[in-house]
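Here is a short briefing for a reader new to this structure. Look at the model first, then read the points below.

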Amino acid sequence: MKVERTARVNQPRPLDFSLPTGTDAASVRARIEMMERLLERSFVIPGVNVPVGLDALVGLVPVLGEVVTGAMGAYIVWEARNLGLPKWKLARMGMNVLFDTAIGAIPVVGDAADFVFRSNTRNLRIIRKHLDKHHPQTQVIEG
């Protein structure tokens, strides 16, 4: 049986809400990846094929939207702290979330910035590099 692979790397996949609850690195990685996918790549805008998530949608609500998405981004930083990331990486991640929240608070400019500056994706990249180096057993092989 021939299986064709047509999915692109950044293309949204259906969300799976069965998350592991453990404190091991693999469980934390799964939760962080799911949160990033929810915030940045939940679905695709028809016609332009641009993935968007709750960060861009909830950010349309003035003030409250940025507070909510900022708190969800802070959750990713908190999980990274529990993994034992160095303080300088945590500070960088915190600055990503703070910058995204601050820019998002500007009415029209902030909504456009949510499509361009994806702080949660940047933070996920930092966490993946750390996990791949210090916990290689957590790597997920897709294909």
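Buried means under 20% relative accessible area, exposed means over 50%, and partly exposed lies in between (1.4 Å probe, protein chains only). By that scale, Val 63 counts as exposed, because its relative accessibility is 66%. The model is predicted: local features need pLDDT of at least 70, side-chain atom pairs count only at pLDDT 80 or more, and totals for chains, interfaces and linings use all residues. Residues are numbered from 1 along each chain as its sequence is written, and side-chain values use heavy atoms, with hydrogens and water left out.

**Overall layout**

- The protein chain has six helices and two strands. Helices (H or I, at least four residues) and strands (E, at least two) are DSSP runs, numbered from the N terminus.
- Along the sequence, the protein chain reads α-β-β-α-α-α-α-α.
- Of the 143 residues in the protein chain, 38% are buried.

**Helix H1**

- Helix H1 covers residues 25-40 and has 16 residues.
- From first C-alpha to last, helix H1 reaches 22 Å, close to the 22 Å expected at 1.5 Å a residue. The expected span of a helix is 1.5 Å times one less than its number of residues.
- Helix H1 is mostly covered, with 14 of its 16 residues buried.

**Salt bridges**

- The structure holds five salt bridges. A salt bridge is a side-chain nitrogen of Lys or Arg within 4 Å of a carboxyl oxygen of Asp or Glu.
- Side chains of opposite charge can pair when their charged atoms come close.
- One of the bridges joins the side chains of Asp 132 and Arg 29, at 3.0 Å from N to O. Asp 132 lies in helix H6 and Arg 29 in helix H1, so this pair ties together parts that are 103 residues apart in sequence.
- Asp 132 is partly exposed at 29% relative accessibility. Arg 29 is buried, with a relative accessible area of 7%.
- Another bridge joins the side chains of Arg 31 and Glu 79, again with 3.0 Å from N to O. The pair links distant parts of the chain: Arg 31 is in helix H1 and Glu 79 in helix H3, 48 residues apart.
- Are Arg 31 and Glu 79 buried or exposed? Arg 31 is buried, with a relative accessible area of 14%. Glu 79 is buried too, with a relative accessible area of 3%.
- Glu 33 forms a salt bridge with Arg 128, and their closest N and O atoms are 3.1 Å apart. This pair also links distant parts of the chain, with Glu 33 in helix H1 and Arg 128 in helix H6, 95 residues apart.
- Glu 33 is buried, with a relative accessible area of 15%. Arg 128 is partly exposed, with a relative accessible area of 32%.
- Salt bridges that share partners join Arg 29, Glu 33, Arg 128 and Asp 132 into one network.

**Surface patches**

- Patches are made of residues with over 30% relative accessible area and no salt bridge: like charges are joined within 9 Å, and nonpolar side chains (Val, Leu, Ile, Met, Phe, Trp, Tyr) within 5 Å.
- Accessible areas come from the Shrake-Rupley method with a 1.4 Å probe; for residues, only the protein chains shown count as cover.
- Which residues form the positive surface patch? Arg 92, Arg 122, Arg 125 and Lys 129 do.
- Lys and Arg count as positive and Asp and Glu as negative, while His and the chain ends are not counted. The place of a charge is taken as NZ of Lys, CZ of Arg, CG of Asp or CD of Glu.
- Helix H6 (residues 119-134) gives the most to the positive patch, with three residues.
- Arg 125 sits in helix H6. Arg 125 counts as partly exposed, because its relative accessibility is 48%.
- Phe 43, Leu 57 and Leu 60 make a nonpolar surface patch of about 260 Å².
- Leu 57 belongs to helix H2. At 38% relative accessibility, Leu 57 is partly exposed.

**Positive phi in loops**

- Most residues other than glycine have a negative phi.
- Val 63 is not a glycine, yet has a positive phi of about 60°. Val 63 is in the loop between helix H2 (54-58) and helix H3 (64-83).
- Asn 49 also has a positive phi, near 55°, and is a residue other than glycine. Asn 49 is in the loop between strand S1 (43-45) and strand S2 (50-52).
- Asn 49 counts as exposed, because its relative accessibility is 53%.
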